[in-house]
Every structure is written in structure tokens, then in C-alpha cells.
Amino acid sequence: MTYNVRKTEQAKGTDMPTSTLPTTMDAAVQDRYGPAHTVEIRRMAMPETADNEVLVRVKAAGLDRGVVHLMTGLPYPVRLAGYGLRAPKYPVLGMDLSGVVERVGKDVTRFRPGDEVFGIGKGTFAEYSVALESKLAPKPANLTFEQAAAVAISGLTALQGVRDHTNVESGQSLLVIGASGGVGSYAVQIAKAYGIEVTGVCSTSKVDLVRSIGADHVIDYQREQIDARGNHYDAILDIGGNRQLSQLRSVLSPRGTLVIVGSETGGRWLGGTDRQLRGMVLSLFVSQRLGTFISRESGDDLAVLGELMEAGKVTPVIDKVYPLAEVRTALGDLESGRARGKLVIAV
């Protein structure tokens, strides 16, 4: 997929019938790495679609921490991963999306124009985005486009973290640190759907939210430490904060599992991953399992999330919805870390 960006004034989008596609679109574009003010709305050429790709008319796009890394180019390994050393390789931000299929490549068999979908695309902060067929799933009928747009990246991380990496089973206990955030709010609900006893950790202002999504117990970290109650957990999913490994291990059962999937420090080189690395080394010498993982962009797992949402067992937690014109504000709010659940851009 390629983009052709024209540096022109801000443009207003127009509604086009499915049978008539425009040649240009509005998109949130960034020419250089940096903070939110380096992003601007421009009129640009439509993306090209490969044989195994789907062109989606974006209805809404979700924000996640990965967007901040791609926007700032930090930590530096992000650039080494193929996103551009000196400037962003892909000028349009965004990965999460929901919308309506407008066109499909000749090798696409699962979708046709008019289908409502959600999943992961490229450059989703735009009126149109291209996505691999394998990274899309049918949108659950009981979700709005705004809700569906908030699912893919955070939901996949939560699903795979709980199901595949914590090794926790029905009837066992899980501590979710960062339970009110994008990934955490899904992790709490998914764990409950699997019959797991969940304790969520969050700030004072978010205690009611974490209770409302099903947590059996809530720890307000502004009022007590996670080890104050003397409890031990079969697994810990650490998505927020930067607690020492020694404190985390003290509340983990002797053969329990710690999975760190967040807890960023803002470091320019490691960005907080040094704690994960130390945990993996330490895990070689202790009975507890300490580690991390990188989530897979799996269409099959998107379908699992869709089934959980259609069954009413998981509901996206949306804090705020912004119009595309306010993308800078949305990105700034995401960086601040104050969001309750997910932030979404309506296109």
C-alpha cells in the first residue's frame, strides 16, 4: 500500500455512495516524529489496495499506546523495526478501525462491499484505510462503530495475555495492574468470562469503573500498596505502573506467573522494557514465571473477541469520542494517561 500526500489546506470530507469512490480523502498526517502538534489533517490521495487487502470506509478509529510510539518514534527500537529511521515511513497514523468494506482485492474471499468490519488497518486516522483480510472480522451487531473501533489492539493484547500467557484457569486468581486502562478494562472482563477471580488495581477516581466491569476486588493504589492485604495471586498481569519485581513477586504464589505488558518509563532506548528483561533472566533461577509477550494481530482472535462481545461478556469501555479534526487533542489525552478505558476518533 502506498500514500501520496499533498500539502494543502485542511479539507472537509464529503459523503460518497459506495459505488462511487473519491480520489482523495482527509487524513491525520505526520512528516516527522514528535509530539501531537506535529500531526495535521490534510487532503491526500486514496490508498492503493493489494490483492489480499480490503479498502474500508472508516467510521471510527481507536487509539492505543502503540500510536504514541509510532508518533514519537520512541523508544528508538520502534524505528529499527521498519517504521522509518529519521521520519515516519507511513505518514498516516492509526491502527484500530471499524467501518464498511468499500472494495476488496481479487484474492479476498471472506468480505464483500457493504460488510461492516472491525480490526487492524494501516493509517486508520483517515476517511479510508486498507487492511489485510486476515486482520479483519465482522463487526458484532450489538456494538456501535465507535465501540468496535476500540477493540482490536487492546482487546487482542488482553485476550492473549490472559488466555495464553498467565496460565491462570477458572477458579484461580488474577491481579490486573492498570485495570482501568485500554488493555486492563478488557483483561478484567475476559478473565471474568473465563471464570477467574479478578482483583483490579487502579487510582481512586477509577475504582467504580473497575468494579462496574466485573472485578471481584479492587485495590486503590493511591490509598494502599498491592501487598497490604497479604494476598497471593496465581497470576499477575502488569499493564500500568513500574513496581519493583520484588514487590510483584511478594504477592505472587510460589509457582505463579507474572506477565508485564506495559508499565512504560518513557526511556528513549528501552522505554521501560528493562524490567521485563530482568524478569525473564530472574525467571531462570526461581520457581515463579516472570516474562512478557508481544501480541499477535490475529483474525481468529478478533473473531473470539467478537463472540465474547456478542454474548455480552465483554463490552468496550469508551472514555471519549473525538472528531477527526481534534486528533491532536485525542493524542494529547492519550499521552497523559488519564483515560478511563479507550479513546476513539469518529471519522
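## A network of charged residues

In this predicted model, Arg 163, Asp 164, Arg 296 and Asp 301 are joined to one another in a network of salt bridges. Side chains of opposite charge can pair when their charged atoms come close.

## Individual salt bridges

Arg 42 and Glu 40 form a salt bridge in which the closest N and O atoms lie 2.4 Å apart. The two partners fall into separate classes of accessibility: Arg 42 has a relative accessibility of 3% and therefore counts as buried, the limit being under 20%, whereas Glu 40, with a relative accessible area of 32%, is partly exposed. Another salt bridge joins the side chains of Lys 106 and Asp 107, with an N to O distance of 3.3 Å. Here Lys 106 is exposed, at a relative accessible area of 65%, while Asp 107 counts as partly exposed, at 41% relative accessibility.

The side chains of Lys 139 and Glu 116 also meet in a salt bridge, at 3.7 Å from N to O. This pair links distant parts of the chain, since Lys 139 belongs to the loop between β7 (136-138) and α3 (145-149), Glu 116 belongs to strand β5 (residues 116-120), and the two are 23 residues apart. Lys 139 is buried, with a relative accessible area of 11%, but Glu 116 is partly exposed, with a relative accessible area of 39%.

## The six-stranded sheet

Six strands make up an open sheet with parallel pairing, in the order β10-β9-β8-β11-β12-β13. Because β10 (217-220) and β13 (289-291) stand at the edges and each has a single partner strand, one side of each is left without a neighbour in the sheet. From one strand to the next, the twist averages 15°.

Within this sheet, strand β8 (residues 173-177) pairs with strand β9 (residues 197-202) in the parallel sense, over five bridges. One point of this pairing can be followed at the level of residues: Leu 175 has Thr 199, in β9, as its bridge partner.

Two contacts of its side chain can be named. The side chain of Arg 275 is joined to that of Asp 238 by a polar contact of 3.0 Å, and the side chain of Arg 275 also reaches the backbone oxygen of Arg 243, at 2.6 Å.

## The chain as a whole

The protein chain has ten helices and 15 strands. Of its 347 residues, 54% count as buried, and the accessible surface of the chain comes to about 15200 Å², of which 49% belongs to carbon and sulfur atoms.

How values were computed: Residues are numbered from 1 along each chain as its sequence is written. This is a predicted model: local features need pLDDT of at least 70, side-chain atom pairs count only at pLDDT 80 or more; totals for chains, interfaces and linings use all residues. Side-chain values use heavy atoms; hydrogens and water are left out. Two strands pair if DSSP finds at least two bridges between them. Helices (H or I, at least four residues) and strands (E, at least two) are DSSP runs, numbered from the N terminus. Axes are lines fitted to C-alpha atoms, for helices over the stretch in contact, and angles run from 0 to 180 degrees between N-to-C directions. A polar contact is a pair of N or O atoms within 3.5 Å; within protein, one must be able to donate a hydrogen and the other to accept it, and residues adjacent in sequence count only if both atoms are side-chain atoms. A salt bridge is a side-chain nitrogen of Lys or Arg within 4 Å of a carboxyl oxygen of Asp or Glu. Buried means under 20% relative accessible area, exposed over 50%, partly exposed in between (1.4 Å probe, protein chains only). Accessible areas come from the Shrake-Rupley method with a 1.4 Å probe; for residues, only the protein chains shown count as cover.
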